[in-house]
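My notes follow in the order I took them.

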Amino acid sequence: MSYTTRVVQVTNVSPSTTSEQMRTLFGFLGTIEELKLFPPDDSPMPVTSRVCFVKFQEPESVGVSQHLTNTVFVDRALIVVPFAEVKKAKAAPSLMVVCLPTGNCRHLQRPASIQAPPPILSSILSLPGLSLSLFLFSYFKWFRV
């Protein structure tokens with residue numbers, strides 16, 4: 001199978017796992033261009049699980065790395081899936097899509113005077129009596145191609 005992405009998302013990563021351990025594990029499968037572990041190693045925030053993004057130099061490494069799914073690493077079975085790269089053409093403002101339970105959705109553009117939030121893929125807001133989905137789209141600068 002041919003892949004167009006060079007990035008994999010690894011979920012269910014043990015909180016005690018370090019970036020260096022992930023780099024060693026995935027380094028056997030291909031040359032790693034970049035690796036990001038969330039939350040980072042030095043984060044004081046207590047977590048129950050971590051997420052790792054690995055960007056390879058060759059797209060073929062994505063298919064090979066998927067074979068690590070269900071492999072127990074430290075104390076958790078990893079889940080490895082391809083992750084679509086975001087290509088950033090130019091400095092585009094963040095877009096916001098607000099959807100109400102009725103199915104009405106609106107695309108809102110962030111005014112230039114408001115500072116953009118840190119890169120966020122999506123977040124869900126729940127209000128008493130109202131379920132509101134708020135999707136914020138911005139780009140991970142390290143996924144540039």
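**Strand pairing and burial**

I began with strand β1 and looked for its partners. I found 5 bridges joining β1 to strand β3, residues 50–56, and the two run antiparallel. I keep in mind that this is a predicted model.

Which residue of β3 stands opposite Gln-9? I looked it up: Phe-53.

Next I checked β1 against strand β6, which spans residues 79–83. I counted 5 bridges here, and the pairing is again in the antiparallel sense. On this side, Gln-9 stands opposite Val-81 of β6. I note, then, that Gln-9 faces Phe-53 in β3 and Val-81 in β6.

Why is β1 largely enclosed by the rest of the structure? I looked at burial along residues 7–13. Of the 7 residues in β1, 5 are buried, so the strand is largely enclosed. For this step I took buried as under 20% relative accessible area.

Then I stepped back to the whole chain. I listed 2 helices and 10 strands. Reading along the sequence, I wrote down the pattern β-α-β-β-α-β-β-β-β-β-β-β.

I looked up burial for the chain too. It has 145 residues, and buried ones make up 30% of them.

My last entry is on contacts. Among those with a separation of 6 or more, 62% come from residues 24 or more positions apart.

Notes. Residues numbered from 1 in each chain as written. Predicted model: local features only at pLDDT ≥ 70, side-chain atom pairs only at ≥ 80, totals over all residues. Heavy atoms only, no water. Buried < 20%, exposed > 50% of the residue type's maximum accessible area, 1.4 Å probe, protein only. Helix = DSSP H or I, 4+ residues; strand = E, 2+ residues; numbered from the N terminus. Pairing = 2+ DSSP bridges. Contact = heavy atoms within 4.5 Å.
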